[in-house]
Amino acid sequence: ADAFSSAVPRAPRGIMVQRVTYRRRKSFHTKSNIVRKVRTPGGKLVVQYVGKRGKGPSCGEYGCGRPLSGIKATRPKELARLSKRQKTVTRPYGGAKCGKCVRSRILRAFLIEEQKIVKKVLKAQASAKPAEK
């Protein structure tokens, strides 16, 4: 269950194992201080620091919050190094809202415009009827 279990196979009982120490000053098992035992080509056992995992961007629409597809989940510093095409999706609101929310926004805007046109037509018809009488 600890951080070393999958990296290096355990030695049989009675055989001395090579000890490893942290390379940085922090000596506590915290989220930022996770290490992995790795054997170097020279046969030495050393620790490698495992970086924190990045949290991918999520949809900015209220009540949605779905993870955005097509965008890498990286730490902020790594995100600055990525090219623009790896940080966005080429569509309106790409990299800010998910495709489902963008589709519903477009549909809503279209239906509102349609409703305005219908209102205008009905108003024109209503004003034309009394003129005929």
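Modeller: Here are some questions and answers on this structure, which is a predicted model.

Biologist: What does the secondary structure of the protein chain come to?

Modeller: The chain has 3 helices and 2 strands. Along the sequence, the pattern reads β-β-α-α-α.

Biologist: Why is F110 called partly exposed?

Modeller: Its relative accessible area is 48%. Buried means under 20%, exposed means over 50%, and partly exposed lies in between. The value for F110 falls in between, so F110 is partly exposed.

Biologist: Where is F110 found?

Modeller: F110 sits in helix α3, which covers residues 99–132.

Biologist: Which residues make the nonpolar surface patch?

Modeller: L107, F110 and L111 make that patch, with an area of about 310 Å².

Biologist: Why does K26 count as partly exposed?

Modeller: K26 has 38% relative accessibility. That value lies between the 20% and 50% limits, so K26 is partly exposed.

Biologist: Where is the place of K26?

Modeller: K26 lies in the segment before β1, the strand at 35–39.

Biologist: Which residues form the positive surface patch?

Modeller: That patch is formed by K26, K31, K52 and R75. Lys and Arg count as positive, so the patch is called positive.

Biologist: How much of the protein chain is buried?

Modeller: Buried residues make up 14% of the 133 residues. The accessible surface comes to about 11600 Å², and 56% of that surface belongs to carbon and sulfur atoms.

Conventions. Residues numbered from 1 in each chain as written. Predicted model: local features only at pLDDT ≥ 70, side-chain atom pairs only at ≥ 80, totals over all residues. Heavy atoms only, no water. Patch = residues over 30% accessible without salt bridge, like charges linked within 9 Å, V, L, I, M, F, W, Y side chains within 5 Å. Areas by Shrake-Rupley, 256 points an atom, 1.4 Å probe, with all protein chains shown as cover. Salt bridge = Lys/Arg side-chain N within 4 Å of Asp/Glu carboxyl O. Helix = DSSP H or I, 4+ residues; strand = E, 2+ residues; numbered from the N terminus. Buried < 20%, exposed > 50% of the residue type's maximum accessible area, 1.4 Å probe, protein only. Charge placed at Lys NZ, Arg CZ, Asp CG, Glu CD.
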